[in-house]
Amino acid sequence: MTYKITLIPGDGIGPEVSGAARRCVDATGVKVDWEIAEAGADIIPKYGTPLPDSTLASIRKNKVALKGPLTTPIGTGFRSVNVAIRKELDLYACLRPTKSYKGVRSKYENIDLVVVRENTEDLYAGIEFEIDKPETKELIADIERLGKKKIRPDSGISIKPISRTGSKRIVKFAFEYAIKHNRKKVTAVSKANIMKFTDGLFFDAAREVAQEYAGQIEYEERLIDNMCMQLVQKPELYDVICLPNLYGDILSDLCAGLIGGLGIAPGANFGEGLAVFEAIHGSAPKYTGQNKVNPTAMILSAVLMLDYLGEKDAAKKLEKAVAKVIADGKFVTYDMKPSRDDPSAVSTSAMADAIIAAL
Ligand code: NAD
């Protein structure tokens, strides 16, 4: 059978790492008809938008996409295209497994954590009010009147919506993932002691869902500040970690740090019957076009994709090939060498070639 899959190359280092991942998937023998779909700042002159309808339509039709990172220019008119794709397609669950591979330079060994991040709500929802705008002044006045709290007049405001519906479905996703992947425990994380009506609601919803899995999967709660310290001190105590959007964003970078950095941390976004696979890292603009960065995170995202498609053998084979190349330590990019300017570091495409050869 041939799978039709949407490929969004991305910008910055995107085309280099997604190109490497595509070659690796093709080399597993799984047949894929890649449908290239564009997105990002570079295509605004052509389409008038960084996210054309045709790109969303392609993902809706094919149901599976592999996506390179996309730049979000700071302080310009448009918001993150990455966030827009997740919102438009209601890809509510972001999955970020972080696992130690032998040969990666890291302060930690044997890390095996899975971060499940809510993807559609929270301070990430994009509901923002700019300093000095008339609507911001109106909102401040309303909040002062309704909430009986003072807000400085020269404030910008970001809104943090957290719903029972959104919280329950992400926690359910985490428990279902735990069951399917033989995990033992789900830890829900928030700052419920301070934000009682949003993070508190998240914990309430999580407890309700956890009851359905009592006796099958253990459930516990942590506050986000304590969780950060715990993960640095005793990561082995944790298994599947489920969080609202912003904490999930931050904690998954922390977990990526535990296993040796962003270059090797994969990810996936899931909605109802839709899945978009992408690395945690961004477009690293300063390395654009240098064929230098690590393709591993993107290739491991493709491993998650193969697994999702039910191509378990191909997924295992590709992950093993990645692990072998990393363990050998020879054909790896600069970030995996003992020193960043190690002359023996290889290029993005050469590391992909070595992985393909190891398949
Ligand atoms: P980034 O992840 O792009 O890069 C941060 C640093 O991490 C890089 O400078 C580099 O040193 C290192 N790094 C990242 N990927 C690497 C790789 N594959 N191999 C080796 N080293 C790697 O984060 P940033 O600089 O904060 O963001 C750059 C742009 O990417 C921003 O516009 C941001 O909005 C966007 N972004 C996109 C996504 C996405 O597409 N899902 C995710 C995060 C950030």
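Contact means heavy atoms within 4.5 Å. Helices (H or I, at least four residues) and strands (E, at least two) are DSSP runs, numbered from the N terminus. This is a predicted model, where local features need pLDDT of at least 70, side-chain atom pairs count only at pLDDT 80 or more, and totals for chains, interfaces and linings use all residues. Residues are numbered from 1 along each chain as its sequence is written, and side-chain values use heavy atoms, with hydrogens and water left out.

**Helix 6 and helix 7**

- Arg164, Ser167, Lys168, Ile170, Val171, Lys172 and Phe175 of helix 6 are in contact with residues of helix 7, among them Leu201, Phe202, Ala205 and Val209.
- The axes of helix 6 (residues 164–180) and helix 7 (residues 199–212) come within 8 Å and cross at roughly 45°. Axes are lines fitted to C-alpha atoms, for helices over the stretch in contact, and angles run from 0 to 180 degrees between N-to-C directions.
- Helix 6 and helix 7 are therefore oblique to each other. Angles under 35 degrees count as roughly parallel, over 145 as roughly antiparallel, 65 to 115 as roughly perpendicular and the rest as oblique.

**Nonpolar cores**

- A nonpolar core is a set of buried Ala, Val, Leu, Ile, Met, Phe, Trp, Tyr and Cys residues joined through side-chain atoms within 4.5 Å. Buried means under 20% relative accessible area, exposed over 50%, partly exposed in between (1.4 Å probe, protein chains only).
- The largest core has 92 residues; Leu66, Val116, Leu231, Ile241, Phe277, Met305 and Ile355 touch the most other members.
- Helix 10 (residues 296–308) gives this core its largest share, nine residues.
- A second, separate core has 14 residues, including Val81, Ile85, Leu91 and Leu274.
- Not counting residues up to four places away in sequence, Ile355 touches Cys24, Ile299, Leu318, Ala321, Val322 and Val325.

**Two single residues**

- Val32 sits in strand 2 (residues 31–36). Val32 is buried, with a relative accessible area of 15%.
- Val32 and Lys4 are 28 residues apart in sequence, but 5.8 Å apart in space, C-alpha to C-alpha.
- Gly126 lies in the loop between strand 5 (112–118) and strand 6 (128–129). Gly126 is partly exposed, at 27% relative accessibility.
- Gly126 and Ile159 are 33 residues apart along the chain, and 7.9 Å separates their C-alpha atoms.
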